[in-house]
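Open the structure in your viewer and keep the selection tool at hand. This tour tells you what to select at each stop and what is there.

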Amino acid sequence: MNAARGVNDQGPRFPEDFVWGAATAAYQVEGSPDADGRGPSIWDTFAHTPGRITNGDTGDVAADHYRLFRDDVALMADLGLSAYRFSVSWPRIQPGGKGPANPAGLDHYERLVDELLARGITPMLTLYHWDLPQELEDSGGWGARDTAVRFAEYAELVGARLGDRVPLWTTLNEPWCAAFLGYASGEHAPGRTDPALALRAAHHLMLAHGLATQALRAVLPPSGQVSVTLNLAAVLPAATSSAATNAVRRIDGLANRLFLDPLFVGHYPVDVQQDTARLTDWSFVRPEDLDVISTPIDLLGINYYSPTLVDVGPAIEGPSPWPACENVRFVQPPNARTTAMGWAIDAQGLRNVVHRVHEQYHPLPLMITENGAAFEDELGVDGVRDDERIAYLRDHLEVVHEAITAGIDLRGYFVWSLLDNFEWAYGYAKRFGIVHVDYATQARVWKDSAHWYRDVIRRNGLE
Ligand code: GCO
């Protein structure tokens, strides 16, 4: 046992080329909302709407990553990261969501990419992590088919500038959240509560993915890899009744198959279309759309946090991110340990998701593009003790290792998140970082989990 923080060589080892990363997203970390010609996004509008965000927080400063990125890249190098997953803010590139690129916006991300490459860190670039230019929302947002076309234009602009240096591209982060939290429950920007519109939005997001994939293929070198990132749910019944089993089918349909089927099977799940027929006739889907959506990609990103247990119960009125599921209720697993978000901790859910995708969809290589947890971190004189986060990360990495051992082509893991950041409707009240951010001073303080993660990367495995 090496005395240096328990670095030993007894635990499971990962493949030599396994990608060890950390993830962030533009609106959650950058700040500088008006710098260099950036236009407003739907998250600027939403966060500045009273009552939407805990404590009235906004992303106006966040972790000031737009200005401090060089220091943060140095921190990534100290961690030993082999990759950094970040998102480009669309309204920095096209302030109004259309037309020629804003050179200063592209210049910023070129500086970030060059800084990463200079440190031997692979950039993984997400084109859309929810910050739609407000002008496009004003013209219908994801409810409008034209937004998908605008997204492909944006993808081409970024791909043309950075395609020679960025090897890993993700079109969308979590289209389920963008569609159903944004347009059905209204918990996220743009704050709409129209389930039929949310289904339209989900389709146009997937169409945008397909069109952007085609646009990227035209400008990337053959080595460029294109992916999409889905927050897939490990849905289980909370009871042995047929009603609970049907609830599983419905939530699995909306959370998982609504995205996986058009990508890898080439059509939408019929049962979901039947379940939602009273909301929409799905005429927004044109015959040629599914061929576009299922344009081949090179990698599937999976974000996983917590299992999903469902049963049936009295109809729940009011906005919900689950169209036509009024009588489905979500159940907390009994005696489950939970994170500061109230999310149950169970790494078996990650196992279920990865094996299901592998067995039922035979997709291309996989990456865990987000996994992590918020806990009530206390900043002490010598850093932050976050043993619960270390335990969470270790449990989930053990599942990742088991999946690889079982023959699943799982190529990398990105911890969410590198830094404490703006946690959407929760604002800064929830801290997911392995590095603490003092928002008053912007000081970065490594939590114990950062030291632990660095050791995992150094030994390429678990203790
Ligand atoms: C998501 C988003 C992240 C969140 C993280 C914690 O998965 O919801 O990609 O932006 O901050 O997941 O909720």
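How many bridges join β10 to strand β13 (residues 410–416), and do they run parallel or antiparallel? Select both strands. Three bridges join them, and the two strands run parallel. Keep in mind that this is a predicted model.

**Stop 1: strand β10 and its neighbours**

Pick out Asn371 and look across to β13. The bridge partner of Asn371 there is Val415. Select Leu300 next. Its bridge partner in β10 is Leu366.

Now colour residues 366–371, which make up β10. Is this strand enclosed or open, and why? Six of its six residues are buried, so β10 is largely enclosed by the rest of the structure.

**Stop 2: the ligand**

Zoom in on Glu370. An N or O atom in its side chain is 2.6 Å from an oxygen atom of the ligand. Move to Glu423. One of its polar side-chain atoms also lies 2.6 Å from a ligand oxygen atom. Then select Asn173. Here the distance from a side-chain N or O atom to an oxygen atom of the ligand is 3.1 Å.

**Stop 3: the largest pocket**

The largest pocket has a volume of about 1,100 Å³. It is lined by 37 residues; select Trp176, Leu181, Asn231, Trp322 and Trp343 to find those closest to its centre. Next, colour α8 (175–183), β8 (308–312) and β9 (328–331). These are the elements that give two or more residues to the lining. Which of them gives the most? α8 does, with three residues. Colour the lining by class.

**Stop 4**

Of its 17 lining residues, select the ones closest to the centre: Ile316, Gly318, Pro319, Ser320 and Trp322. By class, the lining has 12 nonpolar, three polar and two charged residues.

**Stop 5**

Select Ser227 in strand β5, residues 225–231. Is Ser227 buried or exposed? Its relative accessible area is 1%, so Ser227 is buried, since buried means under 20%. The side chains of Ser227 and Thr170 are joined by a polar contact of 2.9 Å.

Now jump to Ser89, in the loop between β2 (83–87) and α4 (90–93). Ser89 counts as buried too, at 1% relative accessibility. A polar contact of 3.4 Å joins the side chains of Ser89 and Arg38.

**Stop 6: a hairpin**

For the last stop, select strand β14 (residues 435–438) and strand β15 (residues 443–446). They pair in the antiparallel sense over four bridges. Click on Val435. Opposite it, in β15, stands Trp446. The two strands form a hairpin with four residues between them. Finish on Gln442 in the turn, which has a positive phi of about 65°.

Terms used
Residues are numbered from 1 along each chain as its sequence is written. This is a predicted model: local features need pLDDT of at least 70, side-chain atom pairs count only at pLDDT 80 or more; totals for chains, interfaces and linings use all residues. Side-chain values use heavy atoms; hydrogens and water are left out. On a 1 Å grid over the protein atoms alone, a cavity is a set of points where a 1.4 Å probe fits but cannot get out, and a pocket is an open set with protein on both sides within 12 Å along at least five of seven lines; lining residues have an atom within 4 Å of a point. Grid points are joined across faces, edges and corners, and a volume is the space filled by probe spheres set on the points. Ala, Val, Leu, Ile, Met, Phe, Trp, Tyr, Cys and Pro count as nonpolar, Asp, Glu, Lys and Arg as charged, and the others, Gly among them, as polar. Buried means under 20% relative accessible area, exposed over 50%, partly exposed in between (1.4 Å probe, protein chains only). Two strands pair if DSSP finds at least two bridges between them. A polar contact is a pair of N or O atoms within 3.5 Å; within protein, one must be able to donate a hydrogen and the other to accept it, and residues adjacent in sequence count only if both atoms are side-chain atoms.
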